[in-house]
There are 2 protein chains.
Amino acid sequence: MKLSNSTSTITVVGTVAFDALETPFGKTDKIVGGAATYISLAASYFCKHINLVSVVGGDFPKQQIALMESKGINTEGLQIKENEKTFFWSGKYHLDMNTRDTIDTQLNVLATFEPVLPEGYRSPEFLMLGNLMPSVQMMVIQQMKTRPKLIVMDTMNFWMEQARPALDEVMKQVDVLSINDAEARELSNEYSLVKAAKKILAMGPKYLIIKKGEHGALLFHDNHVFFAPALPLEDVFDPTGAGDSFAGGFIGYIASTNDISFDNMKRAIIYGSAMASFCVEKFGTERILHLERAEIEERIQEFIDLVQFDISLVD
Amino acid sequence: MKLSNSTSTITVVGTVAFDALETPFGKTDKIVGGAATYISLAASYFCKHINLVSVVGGDFPKQQIALMESKGINTEGLQIKENEKTFFWSGKYHLDMNTRDTIDTQLNVLATFEPVLPEGYRSPEFLMLGNLMPSVQMMVIQQMKTRPKLIVMDTMNFWMEQARPALDEVMKQVDVLSINDAEARELSNEYSLVKAAKKILAMGPKYLIIKKGEHGALLFHDNHVFFAPALPLEDVFDPTGAGDSFAGGFIGYIASTNDISFDNMKRAIIYGSAMASFCVEKFGTERILHLERAEIEERIQEFIDLVQFDISLVD
């Protein structure tokens, strides 16, 4: 396995946040979370040139920023508003871990966030738009000096309901859209994911990833479809960040290989699934902060063993 | 692909029934259904020596029996109680097609069913116990003159609640248990399917298949796990019989290859998944009554394309 042997750069925009979580297995006080946190950490195992674009308040721990820097994540584009507070989200998961209730959302610094990309962030080979207000995602696209080789976008149902026109505009600019199954149904107004994918691919993205949580992920492109299962786990402690860890593994692997072919995207989906499978094993970022390369390889082998079969159709 | 080139025999026991179905796509009057019907039809594409054990009333159409005979299904063991009525089930599916309500169940001939296996049925290489009262499944096992190479058993939540001791006894006699995810959770009292599988494998079966409907199927054995996705379909018209078509494809493929290794079971799971994917495309048995070998091969290729990826972990 070749990791981090490419000089490709990923610019990542998304939230850096505090989360308070409750799952059937326990609860946390405020811990560090946010889409861009998970994406950057997961991608850092594959790519050593990650530019983080986000905003936090003065309450955000400086040692957390240092920790990200130590992972090779460039935080020059992380705005710190000393007199404001970091975005806060609190949620509670149901027993099935696929559904959750939001208990509290405090936008804080996010309410007025206007990303300003440092000069060195404006020509990345890869751009990852984590879930954020679509207008903010668009501001990031507009600051690109050259069109990235691949733009990947995550979003959520909230923006489909509250900012659909802006969302539609961003979708026209991206190559890969990553959403979950409920969001795909909402965006397309189709129950069948195959029909949903056809409609969504007509909205702009050339590739669509539909994440189904414990049921795996689908990748659609033209008339092709690829499926990667989630790893069956004894326990899922905390699903928070799984989708973002998936996205980080996906874009990180693609950046490390510098290959945007469909075949390589399949591999990237497997690497993304592996990162998601680590993420859910512990609360917050605890697990994906401390991974060894050998663990990642072992996990990839588990995915291979899980789905590999040998059928020859030649008579 | 080699089909039907083995002389192995499968004895199949299960219901032959009338179903009345309602799905979001339409509804049917009484149509032919039943576990053993779907199992035998699906298996008939792989194996030409299928012995059917079941019971119907005088109201069951003779041409349906002739149709099964024309598929190479031996109906000598199908009891016909001329003065009674065939088992009837009526149900309605919800929009997600994974859940359904039973509207009516009329046991009729099934209430007093005591299987008596013709002499030629008692030494099959393979025994498929379709979903039925566990005591009836046990009567079939007890009529075996030699222990089959593989006994596969399907069951349902109803028997877990109403006949657990008898179910436990049957489970100790079988090699492969096939149930859905909700049933696995109920049987084991574990939410995690990995934990559920460990507990269930300790109850007797050496192999456990957990069917997850549109989310695919898992095969557990010792510490091994294999996953096969369901084919993403534009429309699922009627899920009735999907699990039984899966079982029929599974046991049929194994009989045609006469190979009960784990690697061959993986292939059998894929063939079972293919048969299930055909079954749901039309109401009742309509689709699996009329399949061409080339269609099955094409479908298998779709499964290969769906999950195949190429990752080399060698540096």
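The following legends describe close-up views of a predicted model, covering the contact of chain B with chain A and helix 7 of chain B.

**View 1. Extent of the contact between chain B and chain A.** Between them the two chains bury about 3,900 Å², of which 59% lies on carbon and sulfur atoms. On the chain B side, the residues that lose the most area to chain A are B:E234, B:F309 and B:L313, which together account for 18% of what that side buries.

**View 2. Salt bridges and polar contacts between the chains.** Four salt bridges are counted between chain B and chain A. One of the salt bridges joins A:E234 to B:K198, with the closest N and O atoms 2.4 Å apart. Between chain B and chain A, 14 residue pairs are in polar contact, both residues being at pLDDT 80 or more.

**View 3. Elements on the side of chain B that touches chain A.** Two or more residues are given to this side by each of helix 7 (193–201), strand 14 (224–228), helix 9 (262–279) and helix 11 (293–307) of chain B. Helix 11 of chain B supplies the largest share, eight residues. By class, this side of chain B has 22 nonpolar, 15 charged and five polar residues.

**View 4. Buried face of helix 7 of chain B.** The buried residues in this helix are B:L193, B:V194, B:A196, B:A197, B:I200 and B:L201. Seen down the helix axis, the buried residues fall within an arc of 160°, so they line one face of helix 7 of chain B. Their cover includes strand 11 (176–180), helix 6 (181–188), strand 12 (207–211) and strand 13 (217–221) of chain B.

Key:
Residues numbered from 1 in each chain as written. Chains lettered and ligands numbered in written order. Predicted model: local features only at pLDDT ≥ 70, side-chain atom pairs only at ≥ 80, totals over all residues. Heavy atoms only, no water. Contact = heavy atoms within 4.5 Å. Buried area = accessible area lost by both parts, 1.4 Å probe. Salt bridge = Lys/Arg side-chain N within 4 Å of Asp/Glu carboxyl O. Polar contact = N/O pair within 3.5 Å; in protein donor to acceptor, adjacent residues only side chain to side chain. Helix = DSSP H or I, 4+ residues; strand = E, 2+ residues; numbered from the N terminus. Nonpolar A, V, L, I, M, F, W, Y, C, P; charged D, E, K, R; others polar. Buried < 20%, exposed > 50% of the residue type's maximum accessible area, 1.4 Å probe, protein only. Arc of directions from axis to C-beta.
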